[in-house]
Amino acid sequence: MNRPHPRADRRPSKHSSARATGGRDVSRGRPVAERAGPKGTPAKGSERVGTGPKRAVVRRADPKTTGSKSAGPGRTQPKRSGPTPAIAERPRPEPALRDDSAVRVLCVDAESDGQRIDNFLLRHLKGVPRSHIYRVMRRGEVRVNKGRVKASHRLRTGDLVRIPPVRTALAETPVRVPASRLAPLAAAVLYEDERLLVIDKPAGLAVHGGSGLSYGLIESLRELRPGRELELVHRLDRDTSGCILISKRRSALRELHELIREGGMDKRYMALIVGELERSKVGVDAPLKKNVLQGGERMVQVDPDDGKPARTVFRRLGRFRSDSGVLTLVEAELITGRTHQIRVHAAHLGTPLAGDPKYGDETANRALKAQGLSRLFLHASALSFQLADADRPHRVEAPLPDDLERFLSALEPAA
């Protein structure tokens, strides 16, 4: 007597309804109808098992198993009459999917007032790649109050944000930051209260993951302090060390962004330039424009016509002699905060930053590297600001890192 295999009438998988109606089979990447042949018939070389409302289980027939089959030395298995019962296959594991299949309209609350739209979307679309979010924004699928906006648009309380349908694979495993990276950050806290955190960021660590980096400063801090709403208030280049401000509350982030927009945050940097500053204090007012080259490398250039306003003030702190000529230690005060602003403005003066691989002097950089300078000489040395509920201004300073201090100490001062 032929009996069906005990698993032939198994419960259908969670995707069976989609497959039975000719929908998209996410595990195979193409509609089931393309694989199953004409409507109502199984694929060629397959058998249908089971009847009734349960989903049919299909297995391709193996020509080697039809007819007689060897069951061991000297023994043969007799042929069965009728069709050979198929054995139900274990379904392939489906990828974990995020499916926001309907348009959502969210009302911006007071906690999100002043937040950039791209950061707002990243917070509400967990696991969706940043590149995908920017793509749907460029296509106009994200709307604020029924209008298209740029990624830099800042939301206001009461705004209505249209979020399009999104379907993407969830991250399989959270990225684990190496313990060797976490330990130094735990000891790099310059200031902390219930709303703010200031870190002395080491050179070589990006502020966030992306562009081939699995993690950065903010991901590392979130791993050190799980469950906290840690957000970057501003950014530093990967090769720049020093003070970086992190908010611990959404309200603090809004207030600090407002301070930055109104010029209420004082940011000072220490830099070493190749050459001499013509005066003890030099202001540079040169609009900057960002460009993306063919290789995806981001570059910034002075552009009086299409650039955005940018102003930096350089103050001379000391002069040194080196194999590449005179070097000048300067304090750079950012009046605006454009991408690569100090580096481009210094190069615009004809005195690029020492060790700058993007905008610097290659010949001078080679000579400086031979003398012991292995990175960009740029350090965020101080932050000053005052919050509305504070009795006095906050001022946080970060000492010059040991590697830069050693390099300066080895130079001969110039008169």
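These legends walk through several close-up views of a predicted model.

View 1. Welcome to a chain of 415 residues, of which 38% are buried. Its secondary structure comes to ten helices and 25 strands. The chain exposes about 24300 Å², and carbon and sulfur atoms supply 49% of that area. If we take the contacts between residues at least 6 apart in sequence, 62% of them join residues at least 24 apart.

**View 2. Four strands line up in an open sheet.** The order here is β8-β11-β9-β10, and the pairing is antiparallel. At the edges are β8 (104-107) and β10 (147-148), each of which pairs on one side only. Look next at β9 (residues 143-144), which pairs with β10 in the antiparallel sense over two bridges. To find your place in β10, look for Gly 147, the bridge partner of Val 144.

**View 3. A nonpolar patch sits on the surface.** Three residues form this patch: Val 103, Val 105 and Leu 160. Together they have about 250 Å² of accessible area. Leu 160 belongs to strand β11, which covers residues 160-163. Is Leu 160 buried or partly exposed? Its relative accessibility is 42%, so Leu 160 counts as partly exposed.

**View 4. Two strands make a hairpin.** Strands β13 (residues 189-192) and β14 (residues 196-201) run antiparallel, joined by three bridges. Three residues lie between the two strands of this hairpin. A handy landmark is Val 189, which stands opposite Ile 199 in β14.

**View 5. Nonpolar residues gather in two separate cores.** In soluble globular proteins, nonpolar side chains tend to be buried together. The largest nonpolar core in this model has 34 residues. Which residues have the most contacts inside it? They are Ile 199, Leu 217, Ile 246, Tyr 269, Phe 314, Ile 342 and Leu 353. Apart from that core lies another, of 17 residues, including Leu 106, Val 142, Val 144 and Val 166.

View 6. Lys 248 lies in the loop between β16 (241-247) and α7 (250-261), whereas Glu 192 is in strand β13, so the pair ties together parts that are 56 residues apart in sequence. With 14% relative accessibility, Lys 248 counts as buried, while Glu 192 is partly exposed at 33%. By the salt-bridge rule used here, the count comes to 23.

View 7. Arg 222 and Glu 231 form a salt bridge whose closest N and O atoms are 3.3 Å apart. Both ends are partly exposed: Arg 222 has a relative accessible area of 34%, and Glu 231 has 23%. The side chains of Glu 229 and Arg 250 also meet in a salt bridge, at 3.7 Å from N to O. Glu 229 lies in the loop between α6 (217-224) and β15 (231-232), and Arg 250 in helix α7, so this pair ties together parts that are 21 residues apart in sequence. Glu 229 is partly exposed, with a relative accessible area of 46%, whereas Arg 250 is buried at 5%. Salt bridges that share partners also join Asp 266, Arg 268, Arg 315, Glu 331 and Glu 333 into one network.

**View 8. Ala 354 is tucked into a loop.** Where is Ala 354? You will find it in the loop between α8 (341-348) and α9 (362-371). Ala 354 counts as buried because its relative accessible area is 0%, and buried means under 20%. Not counting residues up to four places away in sequence, Ala 354 touches Leu 272, Ile 273, Val 274, Asn 365, Leu 368, Leu 373, Arg 375, Leu 376 and Phe 377. The C-alpha atoms of Ala 354 and Leu 378 are separated by 8.4 Å, and these two residues are 24 residues apart along the chain.

Conventions:
Residues are numbered from 1 along each chain as its sequence is written. This is a predicted model: local features need pLDDT of at least 70, side-chain atom pairs count only at pLDDT 80 or more; totals for chains, interfaces and linings use all residues. Side-chain values use heavy atoms; hydrogens and water are left out. Patches are made of residues with over 30% relative accessible area and no salt bridge: like charges are joined within 9 Å, nonpolar side chains (Val, Leu, Ile, Met, Phe, Trp, Tyr) within 5 Å. Accessible areas come from the Shrake-Rupley method with a 1.4 Å probe; for residues, only the protein chains shown count as cover. A salt bridge is a side-chain nitrogen of Lys or Arg within 4 Å of a carboxyl oxygen of Asp or Glu. Buried means under 20% relative accessible area, exposed over 50%, partly exposed in between (1.4 Å probe, protein chains only). Two strands pair if DSSP finds at least two bridges between them. A nonpolar core is a set of buried Ala, Val, Leu, Ile, Met, Phe, Trp, Tyr and Cys residues joined through side-chain atoms within 4.5 Å. Contact means heavy atoms within 4.5 Å.
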